[in-house]
Structures are given as C-alpha cells and as structure tokens.
Amino acid sequence: MSPVTGGVVPDARAHGAARWLAERGVGEHSRVALDVPDVLPWFLGADLLGAAALVVEPSWTPRERAAVLAAAGPDLVVTGVAAPPGEPVAPAGSGGTFFYLATTSGSSGSPKVLVRTRDSWLRSFAALGPLPGPVLAPGPLSSSLFLFAALHGLWCGQQVTTLPRWDAEAAARAGAATVHLVPAMLSALLSALERRGGPGTLRTVVCGGAHLGDEVRARFARVLPDAELIEYYGSAEHSLIAIRRGDGGLRPVPGVDLQVRDGVLWVRSPLACSGQLIDGDLRPSGGWSTVGDLVEFDASGALVVRGRAGSVVSSGGRLVPAEEVEAVLRSAPGVDDVLVTGTPHPRFGELVTAIVEGRPRLRDLRAVARAGLAPAYRPHRWLVVAELPRTPSGKPARALVADQLAGGTFPAEPLT
C-alpha cells in the first residue's frame, strides 16, 4: 500500500525503487529529485521510505534546473534509471511526513519549490471524492496537476494511465472514464470528440487551472450529455480551494477559510503547503496567505474568480481580467485556445490583445466578443499563432509570451 494514496501500489517497481533509494542512503525526511522517464514508481518508492520527491521538468533550461535544485537541496538526484522490481518495503512516516516538493507552474514567473505533507493531499483527495476508472492523467507528472490526477486515481483504487504530453486525439481514444485537465485542454478534447462522432467512454471530467466560461460548459453538456463536469479552483500553494459540481457555483472546500481583502482572495487551509524551500532551507508558511487572485462572492455566496492580478490588463483606466476574456473567446469557431495580454499603447497604457491558436475568422471572433464581453473588455489587437507556448500543466505560458512580445520575438501574425 502507498502511504500517500492508500491505494494499491501499481507494481513491484515502486518497492524496487524504494530499495534502490534506501541502498543509497535515502530514508525518512530525505529529499530526492527524479529526472526519470517513468516517474510514478520512483515517486511511490520515495514515499514508501518517507522521503519527499521533486519531479524534474524536462523543458526547464539549465539555469532553471540549477535554480530549482539549489532551492530544493536534494540528497540524491535520480537520472535516467529504470525502477527495478523488488520485494515489499514496509511504509515509513505519518500523515505529517513531507512527501512532495512541488514546483509552481511557471505560467507567470520562475518556478518556486513548495513542500507538501501527505495529509495535505489526502484531504484534497477526500474533498474531490471517489471517481470512476480508468483515470487519465493526460500530461507529464512533472506538473502537479497531472501528478495529483495520478495519485488521486490510485487513492480511488483505479487503474491510472498517463500521456507523456497533451494530445487531444490520444486523450479522446484513451478509453478513460475520468480525465483531469485545464480549460484549454477541455475545449480541444471536445473538438476531438465531435470529430470522432461520439462521447466515448468518459463519465467524469475534472477541470481546474483557469476560469471556465459558460460557453464551454454548454458545449460540454452537448458533447458529453451523460458525463459529470467537476470544476475546481486552487493553486500550487493551497491545493483545492473551492469545487463546483453542477450549477451551484464554486463552493469552498470544507475546512478552508476564505477572506476577500480589497478584491484579493486570502486563504487559510489545512490543505495548503507547509512552506517554501530556499537554498535548501524551509521557510514555513502558516495562517492566512494569498497568491494574488482577484475574486468576489456572488449573491448566492458562490466564489467568482476573476483571475490572477498579474494577468489583468490595464487599458484606458479599466482593469480587464484576461482569463474572463479568454473564456469567452474560446467559444468562437476555429479557436483551439487563446491567450489575452496587454501590449503597450501611448494613450491607453495597454491594448487588450488576443493571441489565438487555431484557424479562426476575425469576424467570428469579433461577433463572439460583442455578444459576450463589455466594450472595455473586447480585444483591440488580434494575433494568430500556430501553437501557444505552454507550461507543463498545459496552460499558456503568460510570462514567456509577455517577454517575447515586449522583445518583438513572439512568432505571431496579425489576424485580418
């Protein structure tokens, strides 16, 4: 059994990985960095020993990799080794044991290294509840979103399958009953299912990571009429914060306290990380904390997330939440995904700029914007790109796009 899932360890390789690590001095309270193609056996093996594991993201630059490893201070870096099968190992540690060194997604800056206890994710699994299997984690386990999907699937006692990178067609034909993804992936998956002419095997879709618009929800209901859509709002620092099932809106996870201060959400949660590693030392967290998300509560008491303060565009004296605009524009014909940002303008400060992935027509985009967005929120500059750069979790890489736009190196063309 795996301490962090309570489910059955997939095979003897996790125990073999634990024995391999133990022979090299890894034990309870150790830290290991995993730079291996098959992450799950090594991760579960480290957890059996009571060690905390960091999963190296292959796309990190040498500078990013060095910075993350310096922050984490691992006792061992495992590189390019296949996990050998082995005899069972007795689990070590408790619910308060550190098991995961999570790195932030990097969508708005350089990754940070956060420390999680087993209980923080076990409580998160319980908040989400049991889900049907097989469970698909459709991206690399270096992303905490997909690692969470895999471990939650094991906690449910289900078979787990993974994809090395996001591929909507592969996800559509994977034969999964449950899939975890972000809104951009959901739009692409719905398109793939429409092309295939049927809903396939999916019974549950778990969607997090960004704002999901009503247009995508309506499309989901058309394409997957018998499936359940579970939306959640959370962060790398706080894990799950609120969950939406059906039409009830986002509701805080039991035990999670929320406050809104000057429009910004503050969270106090038993699901939150224990702190951040800097130069190998833990800087503990505690009490109330924020990642800068702009929110409000509607008349029913549901949480409405406007987006990260860093993704807000300041245009003509108005603050435009990029994620809300993106959620509307994703419903336009021919749009695979869209990223909204600001580009400098001498009069307005910034122009609301939409960078569209796919083959849309400008008139369709403008029609959708007129129908779904207030005038101040509508893009004034439209760009098209073959493929948006993405973080490991599949979200558009905002910081990278902003830097390349500012430097004039972003490979996009005006949409006319």
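**Group meeting talk: buried charges and rings**

Hi everyone, let me start with glutamate 326, which has a relative accessible area of 3% and is therefore buried. For that word I use a cut-off of under 20% relative accessible area, with exposed meaning over 50% and partly exposed in between, all with a 1.4 Å probe and protein chains only.

A quick note on what we are looking at. This is a predicted model, in which local features need pLDDT of at least 70 and side-chain atom pairs count only at pLDDT 80 or more, while totals for chains, interfaces and linings use all residues. Residues are numbered from 1 along each chain as its sequence is written, and side-chain values use heavy atoms, with hydrogens and water left out.

So, what does glutamate 326 form with arginine 398? The answer is a salt bridge, with the closest N and O atoms 2.8 Å apart. By salt bridge I mean a side-chain nitrogen of Lys or Arg within 4 Å of a carboxyl oxygen of Asp or Glu. Glutamate 326 sits in helix H9 (residues 322-329) and arginine 398 in helix H11 (residues 398-407), so this pair ties together parts that are 72 residues apart in sequence. Helices here are DSSP runs of H or I with at least four residues, strands are E runs of at least two, and both are numbered from the N terminus. Salt bridges with shared partners join Glu326, Arg330, Asp337, Glu357, Arg390 and Arg398 into one network.

Arginine 330 also meets glutamate 326 through their side chains, in a salt bridge of 3.9 Å, N to O. Arginine 330 counts as buried too, at 6% relative accessibility.

In total, the structure holds 19 salt bridges. Another of them joins the side chains of arginine 219 and glutamate 194, at 2.9 Å from N to O. Because arginine 219 lies in helix H8 (residues 214-223) and glutamate 194 in helix H7 (residues 183-196), the pair ties together parts that are 25 residues apart in sequence.

Now for the rings. The structure holds 10 aromatic pairs. Rings of Phe, Tyr and Trp (its six-membered ring) pair if their centres lie within 6.5 Å; planes under 30 degrees apart count as stacked, over 60 as edge-to-face and the rest as tilted. Phenylalanine 99 and tyrosine 100 have ring centres 5.9 Å apart and planes at 45 degrees, so they are a tilted pair. Both count as buried, phenylalanine 99 at 1% and tyrosine 100 at 2%. Tryptophan 121 and phenylalanine 125 are tilted as well, with centres 6.2 Å apart and planes at 55 degrees. Those two are 4 residues apart in helix H4 (residues 118-128), which means about one helical turn separates them. Tryptophan 121 is buried at 4%, and phenylalanine 125 at 0%. Ring pairs link Phe43, Phe99, Tyr100, Trp121, Phe125, Phe148 and Trp155 into a cluster.

One last stop is strand E4 (residues 98-103), where 5 of the 6 residues are buried. E4 runs antiparallel to strand E5 (residues 113-117), and 5 bridges join them; two strands pair if DSSP finds at least two bridges between them. Leucine 101, for example, has valine 115 in E5 as its bridge partner.
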